[in-house]
Amino acid sequence: MVAPIDVIPVIHNALRADMAAIDRSALAAARGAPGLALTVESFRFFDEILALHAEGEELGIFPALEA
């Protein structure tokens, strides 16, 4: 049976993969590749998702761990 806590590694791995992709895109843009606007938009979206994720952990995960 899968519990809600089982999804934590999956979500964190996805966040890490997104960060790596943003890093690669930013480096490519710094080296002159086109597409900086897409990289910036990806970063903005990731920032929103990360803020929601952190808020969810503060409200749901950390209190459960403390209990």
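The buried residues of helix 1 are Leu15, Ile22 and Ala29, where buried means under 20% relative accessible area, exposed over 50%, and partly exposed in between, with a 1.4 Å probe and protein chains only. These buried residues pack against helix 2. Helices (H or I, at least four residues) and strands (E, at least two) are DSSP runs, numbered from the N terminus. The structure is a predicted model, in which local features need pLDDT of at least 70 and side-chain atom pairs count only at pLDDT 80 or more, whereas totals for chains, interfaces and linings use all residues. Residues are numbered from 1 along each chain as its sequence is written, and side-chain values use heavy atoms, with hydrogens and water left out.

The protein chain has two helices and zero strands. Its radius of gyration is 16 Å, well over the 11 Å that the globule rule gives for 67 residues, so the chain is more spread out than a compact globule. The radius is taken over C-alpha atoms, and the globule rule is 2.2 Å times the number of residues to the power 0.38. Along its principal axes, the C-alpha trace spans about 50 × 20 × 15 Å. Buried residues account for 10% of the 67 residues. The accessible surface of the chain is about 5400 Å², and 67% of this belongs to carbon and sulfur atoms; such areas come from the Shrake-Rupley method with a 1.4 Å probe, and for residues only the protein chains shown count as cover.

Pro4 and Ile49 are 45 residues apart in sequence, and their C-alpha atoms are 18 Å apart in space.

Just after helix 1, Gly32 adopts a positive phi of about 105°. Ala33 is placed in the loop between helix 1 and helix 2 and is partly exposed, at 33% relative accessibility. The C-alpha atoms of Ala33 and Ala21, twelve residues apart along the chain, are separated by 14 Å.

Thr39 belongs to helix 2 and is buried, at 9% relative accessibility. Leaving aside neighbours within four places in sequence, Thr39 is in contact (heavy atoms within 4.5 Å) with Ile22, Ser25 and Ala26. His53 also lies in helix 2 and is buried, with a relative accessible area of 19%. Not counting residues up to four places away in sequence, His53 touches Ile11, His12 and Leu15. Ile22, a contact of Thr39, and Leu15, a contact of His53, are both among the buried residues of helix 1.

The surface also carries a nonpolar patch, formed by Ile5, Phe62 and Leu65, with about 280 Å² of accessible area together. Patches are made of residues with over 30% relative accessible area and no salt bridge; like charges are joined within 9 Å, and nonpolar side chains (Val, Leu, Ile, Met, Phe, Trp, Tyr) within 5 Å. A salt bridge is a side-chain nitrogen of Lys or Arg within 4 Å of a carboxyl oxygen of Asp or Glu. Phe62 lies in helix 2 (residues 36–66) and is partly exposed, with a relative accessible area of 31%.
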